Amino acid sequence: MTRKDRVERGLVDRLQSRDQSAWKEFYEFYSGHLTYVCMRYLKSQDDVKDVMQNSFVKMFNAIGSFEYKGVGSLKAWTTRLLINESLKFLRDTNAVEFPNLVEDIPDLEQGDETDLEDIPESVIMDLIRSLPDGYRMVFNLYVFEKKSHKEIGRLLEIGESSSASQFHRAKKMLIQKIKLYNKPRISAL
């Protein structure tokens with residue numbers, strides 16, 4: 001058992017015994033990551049705060065059933081719970097639509113690359129967050145959570161082909177947004 005494994009296992013044991021200092025440590029350690037994940041799905045800071053609070057309450061209530069499976073399993077469990085809570089929030093509050101806004105977005109040509117190297121991560125995050133809800137959800141689940149279109153379809157209650165189509169449209173829209181962001185900077189050079 002590695003040192004990291006012992007530390008994480010110890011934290012899980014303390015969380016499961018409802019040790020308040022463990023919950024404070026857990027919050028301080030994971031809240032930044034979880035907020036970042038939540039912000040990929042939700043636009044409003046108030047919504048992010050609400051979902052974060054609900055997620056931590058669910059984590060507190062469900063920690064007894066958590067089964068430690070090695071280093072990273074606690075982070076994976078909390079991330080999965082938060083994503084599910086974010087998707088539930090979106091379904092419950094918005095009746096998320098999957099738009100067909102693609103008419104004004106030209107098809108990508110082979111080798112149509114975008115330069116991401118000089119774009120700050122916060123700007124990329126803002127560009128992703130500016131996608132319509134349905135596009136953003138599918139994009140995040142596919143790119144960041146590594147879900148298949150079949151899994152995404154089940155999670156969002158849409159067809160597998162709809163998930164693939166929404167991802168394609170989200171990608172095209174995001175590339176256009178990146179090009180628009182880069183255009184003034186390229187012109188200035």
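Helices here are DSSP runs of H or I with at least four residues, numbered from the N terminus. In this predicted model, Lys146 belongs to the loop that joins α6 (133–143) to α7 (149–156). This briefing covers backbone phi values, aromatic pairs and charges placed over rings.

**Positive phi values**
- Most residues other than glycine have a negative phi.
- Lys146, which is not a glycine, has a positive phi of about 60°. Lys146 is exposed, its relative accessible area being 65%.
- Arg18 is also not a glycine, and its phi is positive, near 65°. Arg18 is located in the loop between α1 (3–16) and α2 (20–41). Arg18 is partly exposed, because its relative accessibility is 35%.

**Aromatic pairs**
- The structure contains 10 aromatic pairs. One of them joins Phe29 and Tyr30, which is edge-to-face because the ring centres are 4.8 Å apart and the planes stand at 90°.
- Phe29 is exposed at 62% relative accessibility, whereas Tyr30 is buried with a relative accessible area of 3%.
- Phe139 and Phe144 form an edge-to-face pair, with ring centres 6.4 Å apart and planes at 75°. Phe139 is buried at 8% relative accessibility, while Phe144 is partly exposed with a relative accessible area of 34%.
- Ring pairs connect Trp23, Phe26, Tyr27, Phe29, Tyr30, Phe56 and Phe60 in a cluster.

**Charges over rings**
- Arg18 lies over the face of Phe60, 4.2 Å from the ring centre; Phe60 is a member of the aromatic cluster.
- Arg40 places its charged end over the ring of Phe144, 4.1 Å from the centre of that ring. Phe144 is also the pair partner of Phe139.

Note on methods: Residues are numbered from 1 along each chain as its sequence is written. This is a predicted model: local features need pLDDT of at least 70, side-chain atom pairs count only at pLDDT 80 or more; totals for chains, interfaces and linings use all residues. Side-chain values use heavy atoms; hydrogens and water are left out. Helices (H or I, at least four residues) and strands (E, at least two) are DSSP runs, numbered from the N terminus. Buried means under 20% relative accessible area, exposed over 50%, partly exposed in between (1.4 Å probe, protein chains only). Rings of Phe, Tyr and Trp (its six-membered ring) pair if their centres lie within 6.5 Å; planes under 30 degrees apart count as stacked, over 60 as edge-to-face and the rest as tilted. A charge sits over a ring if NZ of Lys or CZ of Arg is within 6 Å of the ring centre and within 35 degrees of the ring normal.
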